[in-house]
Amino acid sequence: MRLNSGIHYNDSGLTMSIRAMHLDSELVGITNENISGFDKVGYQRKEAVVSSFAEFLGVHALSTTKDDKVGRIAVSPNPLDIAIANKGYFQTRNENGIKLTRDGRFQIGKDGTLLTLENAQVLSNAGTPIKFPFIPQDLKQVKIDKAGKITMFNPNTNKITLIGQLGVVDTNGINVMDPNIKQGYNEYSNVSLQQEFLALMPVIKNFDANRQMFMLQNSVLGKTISQLSSSS
């Protein structure tokens with residue numbers, strides 16, 4: 001006895017061409033977002049993941065992941081600009097909850113709390129907001145070592161005061177043991193423009209091929225309908 005089995009899927013050529021063009025458009029959008037984020041501090045490149053049966057699933061076969069490679073690190077004149085030279089994220093908190101970011105452009109609020117540029121609280125390795133006992137007149141008095149430990153010279157006591165330690169965690173929220181913090185630096189995106197443009201070319205060609213196929217099928221369908229209507 002012989003058993004035959006399989007998956008059979010019937011769909012019109014027009015539908016498949018439209019589905020393919022929709023998928024290609026989304027891929028182009030992801031690449032364009034990466035190109036736009038090239039000069040953004042803390043931006044991590046989005047990588048498209050296309051699953052099997054994309055010709056049938058279309059855009060539903062597409063998902064994205066983040067490329068967690070360290071980006072381009074450049075010197076900044078601001079002592080509160082902090083870069084992470086290894087993999088990891090700063091922990092910040094606002095009214096919407098805790099957020100992970102690699103954008104280390106910080107500021108000190110009026111109450112002495114260490115804040116992001118969006119006024120979210122920067123959290124310590126203990127998960128609590130980092131707060132200065134007083135606002136320094138010169139930000140160069142603030143020192144941050146490679147482990148993220150923040151100290152500041154206190155002119156009232158003529159001593160170095162420990163403020164706290166930056167909370168650097170991985171995507172699972174586990175503390176990174178060696179974040180390699182760099183004070184006075186910004187980390188720009190890990191996007192390579194050359195790589196993005198090279199990846200864009202086959203997607204554009206595939207879109208054009210599906211577009212030509214759609215126009216051809218549409219033309220044949222139109223002629224067929226015209227001939228059927230004239231014969232009747």
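**Exercises on a predicted model**

Ser17 is buried, its relative accessible area being 3% (buried is under 20%, exposed over 50%, partly exposed in between, with a 1.4 Å probe and protein chains only). This is a predicted model, where local features need pLDDT of at least 70 and side-chain atom pairs pLDDT 80 or more, while totals for chains, interfaces and linings use all residues. Residues are numbered from 1 along each chain as its sequence is written, and side-chain values use heavy atoms, leaving out hydrogens and water.

**Exercise 1.** Find the helix that holds Ser17 and the residues Ser17 touches.

*Solution.* Start with the helix: Ser17 sits in α1, residues 13–36 (helices are DSSP runs of H or I, at least four residues; strands are runs of E, at least two; both are numbered from the N terminus). Next, leaving aside residues up to four places away in sequence, Ser17 touches Asn210, Met213, Phe214 and Gln217 (contact means heavy atoms within 4.5 Å).

**Exercise 2.** Describe the salt bridge between Arg72 and Asp39.

*Solution.* First, the distance: the closest N and O atoms are 4.0 Å apart (a salt bridge needs a side-chain nitrogen of Lys or Arg within 4 Å of a carboxyl oxygen of Asp or Glu). Arg72 is in the loop between β2 (62–66) and β3, and Asp39 in the loop between α1 and β1 (46–50), so the pair ties together parts 33 residues apart in sequence.
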